[in-house]
Amino acid sequence: MDNLWIWLVAAVVAIAVVIGVVLAVRGRSKPAPVETAEPEPQVETPEAVEAAAPKAAPAAPVIEAPEPVAGRLVRLRSRLARSNNALGKGLLALLASDRLDDDVWDEVEETLLTADVGMADTTAVVERLREQVKVLGTRDPEELRRLLKSELTAVLEPDLDRSIATASPSGSGPAVILMVGVNGSGKTTTCGRVARVLVAEGKTVVMGAADTFRAAAAEQLETWGARVGAKVVRRGEGADPASVAFDAVKAGADEGADVVLVDTAGRLQNKSGLMDELGKVKRVIEKQGPVAETLLVLDATTGQNGLQQAKVFGEVVQVTGIVLTKLDGSAKGGIVIAVQRQLGVPVKLVGLGEGPDDLAPFEVGAFVDALVDGAES
Ligand SMILES: Nc1nc2c(ncn2[C@@H]2O[C@H](COP(=O)(O)OP(=O)(O)OP(=O)(O)O)[C@@H](O)[C@H]2O)c(=O)[nH]1
């Protein structure tokens with residue numbers, strides 16, 4: 001019996017040992033526990049950081065929407081009136097004098113001349129006014145105001161076509177608009193502002209930076225292009241302006257653009273060189289088709305001086321419209337009358353500030369109102 005107990009105990013111990021061994025072996029073959037320790041810090045190079053950073057999509061250029069074009073002159077009237085109040089007020093004060101004698105009429109004439117109206121138109125306006133006042137025998141201020149406005153309106157030829165051509169005269173291909181004028185007059189700014197309006201009207205526009213004389217001009221145009229959503233064709237500084245203009249027109253034609261705006265250089269240090277260059281730009285463009293519009297950009301603050309320079313341009317390229325810039329900075333609104341009359345070309349656009357929407361279609365009625373009535377409505 002004793003032996004039986006000994007054997008039983010031995011058997012239990014043996015079984016326990018076997019089970020222990022089996023469990024120990026299993027335990028060792030278990031997968032190692034997942035390590036939770038922090039990974040070794042790695043040295044990050046700027047390149048690695050850049051590569052690891054999520055790639056941001058290139059920011060789409062923000063295309064700006066311009067203010068409506070219609071009625072801009074009325075909206076910007078205070079800019080005009082600010083510098084021209086003297087003309088209207090001065091004239092009306094004179095006309096309201098107790099006695100309208102020769103001296104007063106001489107003063108009326110002088111006021112118009114000081115406002116840069118120019119000799120021929122001043123004489124014409126004064127003569128007609130004198131006659132009307134005499135015939136009507138009126139001294140009523142409102143009637144005099146009406147007469148003055150009507151005479152100024154007449155010399156500004158309100159029936160001239162002031163639209164900007166946006167169709168090619170040949171009927172196919174883009175309408176090419178050439179921007180000419182002395183440097184600093186505002187050609188590049190005008191290109192950008194016109195493009196801005198055209199794009200907003202749903203037209204596709206290509207701009208050619210044919211002012212290769214001044215590198216900043218091409219950059220300025222490119223900035224405008226990005227803002228308004230218009231492609232800009234440019235070459236390096238000193239490139240042949242005519243070839244840039246040609247390439248811009250070709251790009252416009254290839255892409256089916258509606259309008260190609262060509263910005264040109266305007267330095268006058270070497271007048272004959274400049275004019276030769278301008279003539280060549282036009283000729284080269286015309287190998288692909290006629291120019292739809294040649295806009296002469298004039299700085300209103302240069303007065304009669306600017307007019308002389310403008311005439312030189314007219315001898316080389318056939319100017320079809322005038323853009324009179326910086327009218328906000330000129331106290332001589334009468335220059336509009338002189339420019340149009342002496343160049344025989346309509347003023348189509350006027351610049352009344354440096355802002356992107358400060359270029360207004362010229363409207364005779366709104367202009368004369370602002371000139372005579374000043375800032376009051
Ligand atoms: N106050 C005012 N400034 C204007 C107007 N139009 C243009 N300017 C400013 O005139 C300066 C010259 O304008 P640009 O467009 O560079 O002249 P540009 O004719 O292209 O000059 P170049 O490239 O040197 O031939 C800029 O500072 C414009 O902002 C305007 O109607 N009113």
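## Helix axes and the overall fold

Helix axes here are lines fitted to C-alpha atoms over the stretch in contact, and the angles between them run from 0 to 180 degrees between N-to-C directions. Keep that in mind as you look at this predicted model.

Let's start with the whole chain. The protein has 14 helices and eight strands. It is 377 residues long, and 39% of those residues count as buried. What share of the contacts between residues at least 6 apart in sequence join residues at least 24 apart? In this protein chain the share is 77%.

## Helix 5 against helix 6

Two packed helices are described by the angle between their axes and the distance between the axes. For helix 5 (residues 102-114) and helix 6 (residues 119-136), the axes come within 9 Å and cross at roughly 145°. This crossing of helix 5 and helix 6 is right-handed.

Which residues make the contact between the two helices? Helix 5 brings W105, V108, E109, L112 and L113, while helix 6 answers with M119, T122, V125, V126 and R130. Sorted by class, this contact of helix 5 with helix 6 holds seven nonpolar residues, one polar residue and two charged ones.

## Helix 6 against helix 7

Helix 6 also packs against helix 7 (residues 141-155), at an angle of about 145° and with the axes 10 Å apart. The crossing of helix 6 and helix 7 is right-handed.

On the helix 6 side you will find D121, A124, V125, R128, L129, Q132 and V133. They meet L147, L148, E151, L152 and V155 of helix 7. The class count for the contact of helix 6 with helix 7 is eight nonpolar, one polar and three charged residues.

## An annotated stretch

An unreviewed UniProt entry annotates residues 346-359 as "domain: SRP54-type proteins GTP-binding". In the model, residues 346-359 are 43% strand and 0% helix. The end C-alpha atoms of this stretch are 16 Å apart.

Notes:
Residues numbered from 1 in each chain as written. Predicted model: local features only at pLDDT ≥ 70, side-chain atom pairs only at ≥ 80, totals over all residues. Helix = DSSP H or I, 4+ residues; strand = E, 2+ residues; numbered from the N terminus. Buried ≥ 20, exposed ≤ 12 C-beta atoms within 10 Å, placed from the backbone. Contact = placed C-beta atoms within 7 Å. Left-handed = near helix turned anticlockwise from the far one by under 90°. Nonpolar A, V, L, I, M, F, W, Y, C, P; charged D, E, K, R; others polar. UniProt positions renumbered as here; feature names shortened; annotations may be inferred.
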